[in-house]
Amino acid sequence: MWPTVAVAEEIPSGDPCHSSWLSGASAEASLKLHPDRRTHTFLTSRLTVHVPSSWPLSDELLLGDESNGYRTAMRCLTRGDGRLQVWWDEWRRARPQVTHEEQGVRVQVDTYSWMNRSGDRTVWPWSVVVQESLWTFQFAPAWPLQRANWTKVTIDPGSQHGVSADPAPSGEPGTNVLVWRPGSAWKATLVDGASPRRTPAHRAQPGLEPVAPPISVQVKPPWPRAWAALSESPTFTLADIAGPLLWRLALIGTVLYAIRRILRQVPVPSDEQRVVENLRKWMWVVLALFLVITGDSIVTELHILLGDGTQQLRAQYGMLGAVVAGLLLLRFGSPRKSLLWTGITLGVSGFLAGAWAVFRFAKEVPIRDGDSWSIEDNALVAASACVLALGFLGMAAALWRLVRDSGLFTPAQPHLRLRHAGPAVLAAVATTMGCYAFATEREWQRSSWLSDTTDPAYSDWHLQNLRHDLVWFAPSFQDWWFSLDWILSGVAVIAVLSVRGKAGRGGVEAPTAPDRFLLLVVFTVLVALGLGWYADNTALSWIGFPVHMLVLHYLTTAWANRAALAQPMSKSQQPLRNFLKPLDRSQLLDRSRQYREVHAQLRRLEHGQSDDTVLRRRTLEARLRALHRWRGRSRPADILPADVSVVDTILALGPGDTWDENARRAARLANVIGLPFSALTTWTGLIRGDAWTNSLGYGFALPDIILEFAIWQIGWVAAGYVLGALWRVLPGRRGPVRALPVTGAIALPVAAHALGKWALGEEQDNLALYVVAVLLVLTITGIFMDLQTFSSERRYWQSRLGLLLSIYQMRYFSLQMAYLLAQVIAAVTVWQLFTDTGSAPPPGPAEPPSSQSSPQ
């Protein structure tokens, strides 16, 4: 049969819960909605039951949750007597609190959930129905507790207000909490053997038993919460696809325009022609990849709109899409024939095996030994491994080609070889599938924790869920892995910049206009945070692409005349950069050292008042004026700008002789400096608080932690590369100040995005913390760039701190350290303000978690 997982309810004969003994129990229930500062409304439920000691199962509650007696007793209080039940939408932070009382046992069960999809769900003891613009909450405790004395039932809609409530509730002063105090006011009577009819006690006949009150409340949520709760609707899905598609179309159009500008500069060397052609081809691969990996969703939603949607269709399209995407990447990578044919074999065999197994499940073909592992299950495992290996192999081949042709490193072999890639891919496949099995099994145990594991049908039910996870492995994998094509897009653009920078075609002192345009693309693709996510939908995510480019362009050009090298010389009024060549570096370093020594002597003379001191000061000032006289190698003698010293001049040049060298140095520095910040942002996003529990609800959660860390590292490297490439045209005299425009290009769009989320009443995630982290990484990178500029003097100082103190001089050093300390204090403050651990709900079976560092 088709491997879907549903709630199984098996009612044993008799009354295993001894419900008649629970008539002496007292109980309370509460439900609270948290719609404020959240994308999805957060639900918290609390059920408190005072079980009398006379209940035969009361002592079982004091045992551990691995005890069958404990599970039976807790199941009776929270689920009924069904032995096989699963609750995917109900989450808990800890096991129920069980405490012994004088006359029995007190049980408190705290659960939570999110309104993140339409349809029915159960957050015990509440049944929730999510419709397009109306949410219904019905009080539906387990039937053994129907006879309990319900002393208080409350629903707190938060800032939302109920549309209707039946029966009419009372309230609590100063709040909008809906309260019912039924006690024994509700009685049950049987009408012709039908289900109990509930009537008020004063109208009921004597001898009738109390039952739980039939409470029903309807709430009309704000439209952002209502829209976010429709994540499984066709309209929501298609809108969610449109945003990333427009983002990629903007990327493709921008890159093709930049390529056209580059090719106008004829003649184009062969090495540059090669990386430009790689970039052009890769842009079309990006478009093809996106259409392939979203094709299963698009086709499925269209079928649903036409009334012909099936799970089999999407699963088979997902497998086919994963195979086609892997082969596309492999073909672009142009590997050796042995590697290419290995990939083709993996793709064809994986698709055939997976499609055959899915077809048999869909057609309900009988499976041999239905309660044990079958040949169809083996086929699904083999298909999953083949699809996974093909995806890893294709991405590795494509990345190899882009990096190899860029000259970023020179491999021993020009082509990726199977004997090198094979072991790495096998290790990655084994690790990923092991993590997937662990996460899905943990999710199963979480959702079915009260099921009777001794029931013979439990193993069949468990196997059915495992088959379900295997069927959806390929669609989930393609959405998780191939959506990282934006990383390769950034690498392809950097490859063009690297080749042009080495050859000097992109300018020596500063990037030319086409190269600065490509730097804007690198910044937008690899550095900028993913924005435009409103109501859990990415329909507006494409807006971030032009916004980030425009903001960085403005911040680096509006104040370009404030850059040190843009200041006019005192006589000729020509920019300082026109008088500087790479061969002038040694002379500038020597003059800078003399300049700092003279200033040190002047500071020592500041406290003296004798005539000798005045004469000595005039001599030192004359030496300073001489140091500011400059003669270019092809220019007449001139004087440095009045507000630019020789130290400012050498710091403006940076540690490299070209902008490409500066870019590479800054990228290497940011890579090291960003390590602790990558760990911090990964921890806050995927591990801290409830995020860890929720992340493990996703099959690729564990590999995603490693991937998230790598994505942040890539972002730091790219941010350093952009900072170093623009080093000579950025305003400011010191490295930390030069980091401000690049940080501002991230902070300003984030501020606008945060304003939109505030207007919609959504949470701010960790955006402020991310911006502060970017500022700290780039500030420290700027400081180390200044240190590397004077690396030739390192041998004369006992520590880098002493050299830094000499470079910045006392007053500048104090300001820079105060500035850095202020950033640390800001980071701590932001951390304290945004420590809410109520993270986003776990993603669905084919939906990877959103990464703030991803541009999509």
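Two strands count as paired if DSSP finds at least two bridges between them. Strands (E, at least two residues) and helices (H or I, at least four) are DSSP runs, numbered from the N terminus. Keep in mind that this is a predicted model, where local features need pLDDT of at least 70 and side-chain atom pairs count only at pLDDT 80 or more, while totals for chains, interfaces and linings use all residues. Residues are numbered from 1 along each chain as its sequence is written, and side-chain values use heavy atoms, with hydrogens and water left out.

Let's begin with the open sheet: it has 7 strands in the order 3-4-2-1-8-11-10, and the pairing is mixed. Strand 3 (97-101) and strand 10 (170-171) sit at the edges with a single partner strand each, so one side of each has no neighbour in the sheet. Inside that order, strand 1 runs parallel to strand 8, and Ala27 has Trp150 in strand 8 as its bridge partner.

| Strands | Sense | Bridges |
|---|---|---|
| Strand 1 (residues 26-34) and strand 8 (residues 149-156) | parallel | 7 bridges |
| Strand 6 (residues 126-130) and strand 7 | antiparallel | 5 bridges |
| Strand 7 and strand 15 (residues 216-219) | antiparallel | 4 bridges |

Strands 6 and 7 make a hairpin, with 4 residues between them, and Trp126 stands opposite Phe139 in strand 7. Phe137, for its part, has Val217 in strand 15 as its bridge partner. Why is strand 7 (residues 135-139) largely enclosed by the rest of the structure? Because 4 of its 5 residues are buried, meaning under 20% relative accessible area, with exposed being over 50% and partly exposed in between (1.4 Å probe, protein chains only).

Over in helix 3 (residues 234-263) you'll find Leu249, which counts as partly exposed at 40% relative accessibility.

Finally, the second largest pocket. A pocket is an open set of points on a 1 Å grid over the protein atoms alone, where a 1.4 Å probe fits, with protein on both sides within 12 Å along at least five of seven lines; lining residues have an atom within 4 Å of a point. Of the 33 residues lining the second largest pocket, Leu399, Ile487, Val491, Ala710 and Ile714 are the closest to its centre. Helix 21 gives the largest share of that lining, 9 residues. Helices supplying at least two lining residues each include helix 8 (375-406), helix 12 (485-503) and helix 21 (701-725).
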